[in-house]
Amino acid sequence: MTLSMTLTSDPQRNKMAAYGRYHTAVVRGIPDSVRYEALIQAEQRDYVDVEKARQEKAVYVQTLRDLGLRIVELPAAEEHPDCPFVEDCAVVCNGTALVTRPGHPSRRGEVHAVKKVLEADLGLEVVHMVEDEATMDGGDVLFTGKEFFVGLSNRTNEAGARILAETFPDYSVTTIPVARGLHLKCFCTMAAPDVMAVGEGPEAQKAWQEIRARGDHKYAVLNIPDDGAANCMFVNGTMIHCAADEFPKSAKTYAAAHLAYPRVQVSNKELAKVDGSLTCCSILI
Ligand code: CIR
């Protein structure tokens with residue numbers, strides 16, 4: 001577990017940045033069932049050490065708290081082994097939450113507790129994706145602050161993207177094919193305002209070319225050697241990215257980019273064994 005901070009902040013620039021301002025994070029506990037029953041892409045399971053996963057998660061949550069976020073933690077649900085990956089259950093933007101219909105049937109039951117907390121406890125306007133054909137995992141939804149990109153993957157389809165566009169009519173929605181890998185954000189996320197972190201693998205680079213060609217706005221790119229490490233977060237002026245013990249080359253790339261923001265490294269080795277990434281463990285509001 002690594003938690004380190006590099007002070008390269010430029011307060012002036014941080015003040016100007018409107019993207020990535022949040023006050024609350026919804027997270028969920030890790031059930032024991034994650035070890036044997038969580039969905040995996042790999043053919044062979046690398047078993048999660050649940051205690052270590054909980055320790056890494058505690059650092060992640062504390063990092064968000066240190067960045068000024070109130071943490072709302074839902075209890076783990078043993079019957080939902082993938083429940084820590086709350087990002088997939090809702091897309092929140094400007095006070096509205098679209099509660100998704102996750103692409104894998106085993107995950108659909110997760111959304112009820114998430115919906116309840118967003119609506120009843122946090123007072124968001126909730127739209128629930130109930131249409132039978134529509135599917136969406138929040139991991140496929142990349143919001144840049146200016147527009148949405150939606151990965152069309154095994155988990156998210158056109159009908160889901162259409163409902164997202166109807167729910168957030170102020171922003172354009174561009175679909176991006178994701179033929180390999182779980183979600184769009186497995187290899188492409190916002191590292192900072194107007195800066196995308198993109199993996200150097202072929203699927204990630206293909207997605208980036210599509211984003212560049214078909215998006216409404218222009219973004220700088222930060223090419224990250226490991227696709228998995230291109231999943232990072234930008235929260236209240238700080239970048240949260242992979243730890244050097246997990247992705248040494250990629251951690252160096254983030255450091256060498258000299259983006260004018262403080263950076264925090266957070267390890268995510270255990271949940272990565274079941275395809276969990278940094279973004280997927282919280283819903284930021
Ligand atoms: C799944 O396959 O659904 C989970 N094991 C991992 C979900 C990760 N979600 C995300 O990155 N947004």
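This is a predicted model: local features need pLDDT of at least 70, side-chain atom pairs count only at pLDDT 80 or more; totals for chains, interfaces and linings use all residues.
Local features were taken at pLDDT of at least 70 and side-chain atom pairs at pLDDT 80 or more, whereas totals for chains, interfaces and linings use all residues. Residues are numbered from 1 along each chain as its sequence is written, and side-chain values use heavy atoms, with hydrogens and water left out.

The ligand takes up the space of the largest cavity (on a 1 Å grid over the protein atoms alone, a set of points where a 1.4 Å probe fits but cannot get out). Around the ligand there are 14 residues (a heavy atom within 4 Å), of which D82, E87, D88, R155 and V274 come nearest. By class, this shell holds 6 charged, 5 nonpolar and 3 polar residues.

A polar backbone atom of L39 is 2.9 Å from a ligand nitrogen. On its own the ligand has 350 Å² of accessible area (Shrake-Rupley method, 1.4 Å probe), and the protein covers 99% of this.

K206 is located in helix 6, residues 202-214 (a DSSP run of H or I, at least four residues). Its relative accessible area is 48%, and K206 is therefore partly exposed (between buried, under 20%, and exposed, over 50%; 1.4 Å probe, protein chains only). The C-alpha atom of K206 is separated by 24 Å from that of V274, 68 residues apart along the chain; V274 is among the residues that come nearest to the ligand.

How values were computed
Helices (H or I, at least four residues) and strands (E, at least two) are DSSP runs, numbered from the N terminus. A polar contact is a pair of N or O atoms within 3.5 Å; within protein, one must be able to donate a hydrogen and the other to accept it, and residues adjacent in sequence count only if both atoms are side-chain atoms. On a 1 Å grid over the protein atoms alone, a cavity is a set of points where a 1.4 Å probe fits but cannot get out, and a pocket is an open set with protein on both sides within 12 Å along at least five of seven lines; lining residues have an atom within 4 Å of a point. A molecule sits in a cavity or pocket if more than half of its atoms lie within 2 Å of its grid points. Ala, Val, Leu, Ile, Met, Phe, Trp, Tyr, Cys and Pro count as nonpolar, Asp, Glu, Lys and Arg as charged, and the others, Gly among them, as polar.
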